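Biologist: Could you take me through the charged pairs and the helix packing in this model? I have the sequence and the structure open.

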Amino acid sequence: ESSDAKGIEKCHSNRAACREKLVGTSYGKEKSELIEGGLEDGRKCVKIDPAFVRGYQRLATFLILSIKDTTERGSENDDFQEPNRDNDNHDENDDDDNMSSFKGRSASADAAVLRLRRE
């Protein structure tokens, strides 16, 4: 690690903390962009210094905010199909076609998981 990069994880952590404060007063696209930036900062903290615990805290905070934001906005993912949750009209084979690994979670949680998997 070069002397120029020493402590840079703290800069990412501090920027993530600022973004976290701004998320509370933001809406729509601005809020989503702040959350995405916070996720990126958290990941950089952990990558630069895996022993920097605050980086994991920042990352966890923004993962939770991401799921909440997705829940609030609803599913905007056009290629996502909600698994069939109607027990009366449920065909056992539907789960295979509708991503059975998501069984039991809400559609918004499913969309958040898909979004995080793509990153």
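Biologist: Which side chain meets E33 in a salt bridge?
Modeller: The partner of E33 is K29, with 3.9 Å from N to O. A salt bridge here is a side-chain nitrogen of Lys or Arg within 4 Å of a carboxyl oxygen of Asp or Glu. This is a predicted model, in which local features need pLDDT of at least 70 and side-chain atom pairs count only at pLDDT 80 or more, while totals for chains, interfaces and linings use all residues. Residues are numbered from 1 along each chain as its sequence is written, and side-chain values use heavy atoms, with hydrogens and water left out.

Biologist: Where do E33 and K29 lie?
Modeller: Both are in helix 2, four residues apart, which is about one turn of the helix. Helices are DSSP runs (H or I, at least four residues), numbered from the N terminus.

Biologist: Is K29 buried or exposed?
Modeller: K29 counts as exposed, at 64% relative accessibility. E33 is partly exposed, with a relative accessible area of 47%. The cut-offs are under 20% relative accessible area for buried and over 50% for exposed, with partly exposed in between (1.4 Å probe, protein chains only).

Biologist: How many salt bridges does a search of the whole structure find?
Modeller: The search finds five. One of them joins R58 to E20, where the closest N and O atoms are 3.9 Å apart. R58 lies in helix 3 (residues 53–73) and E20 in helix 1, so this pair ties together parts that are 38 residues apart in sequence. R58 is buried, at 10% relative accessible area, whereas E20 is partly exposed at 30%.

Biologist: And which side chain meets K44?
Modeller: K44 meets E40 in a salt bridge of 3.1 Å, N to O. These two residues of helix 2 are four residues apart, separated by about one helical turn. K44 is partly exposed, with a relative accessible area of 32%, and E40 is also partly exposed, at 42%.

Biologist: Which residues are linked in a network?
Modeller: R15, R19 and D41 are linked in a network of salt bridges.

Biologist: Changing topic, at what angle do helix 1 and helix 2 pack?
Modeller: Helix 1 (residues 8–23) and helix 2 (residues 28–48) pack at about 155°, and their axes are 8 Å apart. That makes the two helices roughly antiparallel. Angles over 145 degrees count as roughly antiparallel, under 35 as roughly parallel, 65 to 115 as roughly perpendicular and the rest as oblique. Axes are lines fitted to C-alpha atoms, for helices over the stretch in contact, and angles run from 0 to 180 degrees between N-to-C directions.

Biologist: Which residues of the two helices meet?
Modeller: Those of helix 1 include R15, A16, R19 and L22, and those of helix 2 include L34, G38, D41 and K44. Contact means heavy atoms within 4.5 Å. By class, the contact of helix 1 with helix 2 has eight nonpolar, four polar and seven charged residues. Ala, Val, Leu, Ile, Met, Phe, Trp, Tyr, Cys and Pro count as nonpolar, Asp, Glu, Lys and Arg as charged, and the others, Gly among them, as polar.

Biologist: At what angle do helix 1 and helix 3 cross?
Modeller: They cross at roughly 30°, and their axes come within 10 Å. Helix 1 and helix 3 are therefore roughly parallel to each other. Among the residues making the contact are A16, A17 and E20 of helix 1 and R58, F62 and L65 of helix 3. By class, this contact of helix 1 with helix 3 has five nonpolar, two polar and four charged residues.
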